Amino acid sequence: MSLVCLTDFEALARQRLSKTSWDFIEGGADEGITRDDNIAAFKRFRLRPRYLRDVSEVDTRTTIQGEEISAPICIAPTGFHRIAWPDGEMSTARAAQATSTCYITSTYASCTLEDIVATAPRGLRWFQLYVQTDWELNKQLIQRAESLGFKALVITVDVPVHGKRRNDIRNQMDLKMNLMLKDLQSPEEKKFIPDMQLSSINSSFCWNHLSWFQRITQLPIILKGILTKEDAELAVKHKVQGIIVSNHGGRQLDESPASIDALMEVVTAIKGKIEVYLDGGVRTGNDVLKTLALGAKCVFLGRPILWGLACKGERGVEEVLNILKTEFHTSMALAGCRSVAEINRDLIQLSRL
Ligand SMILES: Cc1cc2nc3c(=O)[nH]c(=O)nc-3n(C[C@H](O)[C@H](O)[C@H](O)COP(=O)(O)O)c2cc1C
């Protein structure tokens, strides 16, 4: 089977993975309305191409938090890469390094942070934190990531409790049977999280805690999971350095807006003061172009990275990233954009907004 677009990887990954693993990756919360709308919403926007511009050279490079990446297409944090490929996050890290992109490593990585860094020492990486009830453990994780060269701290805000994923319950999905959450073992006690449903995510984490993070780390702080102008304004007020517009791939609050639909309200509220990124439903080069046209600095991919891993490990992740980058390059040329700086709101048909 030739793999020419991201959904080809999806189809092959479905064949390769066990039903339980497939359901875990693909699943959305409750009725899956937001998960599906993430993709459908992109298709409601139409593009306004400009012609007779010299697009013989198109440059997809950009920067995030001052670091250059080869295209505005990066890797979102997803847990447990070893359910898709034996080398797990180490394969992902090597592919990210090879394609010069940013890889956000999850708190729920199934390889240690040290192994991930050692296997791809030159890669650009950010560390994603699910704030734990144990503040000492939060501090240890952040300071460990910082000393290992992670370049930003991504704090996920949309999981005060876990969303309900029906198929995981039906399948009695039990990640601890196969995987150790190595980075959540506190060094002394070597404890494992006993159960996903009973994990020690901190439900009382709120805005006031951000100053604690700012005191213990020099890293820029990015909030992941912002969907409203009110929270975007609070993020600026609390002096974070960036936000990721995201609904967790539709895995948390079902019937929250599609990411691309929430983007405009957030971008308008931010007024260019901090960088805004997006994840959720990005599957084509046009999706990337639309996201940038509506004001985001880059996109992050969740499930497509896991499909790449499940199909071909490190090579599959590289292919997924390269296919999307090539599509984005084509989209830019067809729309008349020679550089990322030339992508703006005029590319989007206003009647659809
Ligand atoms: C299998 C899976 C595991 C995920 N694990 C995490 C995680 O550990 N931390 C986190 O912040 N988000 C996690 N997410 C959410 C992603 O970071 C991202 O928001 C979402 O997958 C983007 O949507 P997409 O899959 O349509 O690209 C996970 C998503 C999936 C599908």
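Which residues does UniProt list for "binding site"? The unreviewed entry names Arg165, His248 and Arg251, in the numbering used here, with feature names shortened and with annotations that may be inferred rather than shown by experiment. Select these three together: although they are spread over 87 residues of sequence, they cluster in space, with a largest C-alpha distance of 12.5 Å. The lining of the largest cavity includes Arg165, His248 and Arg251; a cavity is a set of points on a 1 Å grid over the protein atoms alone where a 1.4 Å probe fits but cannot get out, and lining residues have an atom within 4 Å of a point.

Before going further, keep in mind that this is a predicted model, in which local features need pLDDT of at least 70, side-chain atom pairs count only at pLDDT 80 or more, and totals for chains, interfaces and linings use all residues. Residues are numbered from 1 along each chain as its sequence is written, and side-chain values use heavy atoms, with hydrogens and water left out.

Next, select His248, which is found in the loop between strand 8 (242–245) and helix 10 (259–270); helices (H or I, at least four residues) and strands (E, at least two) are DSSP runs numbered from the N terminus. His248 counts as buried because its relative accessible area is 12%, where buried means under 20%, exposed over 50% and partly exposed in between, with a 1.4 Å probe and protein chains only. Leaving aside neighbours within four places in sequence, His248 is in contact (heavy atoms within 4.5 Å) with Tyr130, Thr156, Asp158, Val159 and Lys224. The side chains of His248 and Asp158 are joined by a polar contact of 2.9 Å, that is, a pair of N or O atoms within 3.5 Å of which, within protein, one must be able to donate a hydrogen and the other to accept it, residues adjacent in sequence counting only if both atoms are side-chain atoms.

Move on to Arg251, which is also in the loop between strand 8 and helix 10 and is buried, with a relative accessible area of 11%. Not counting residues up to four places away in sequence, Arg251 touches residues including Phe24, Ile25, Glu26, Arg165 and Arg303. A polar atom of the Arg251 side chain lies 3.1 Å from the backbone oxygen of Ile25.

Finally, colour the model by pLDDT, the predictor's confidence in each residue, from 0 to 100. The mean for the protein is 93, and 92% of its residues reach 70 or more, but over residues 180–198 the pLDDT is below 50. Where pLDDT is low, the predicted coordinates should not be read in detail.

Methods:
On a 1 Å grid over the protein atoms alone, a cavity is a set of points where a 1.4 Å probe fits but cannot get out, and a pocket is an open set with protein on both sides within 12 Å along at least five of seven lines; lining residues have an atom within 4 Å of a point.
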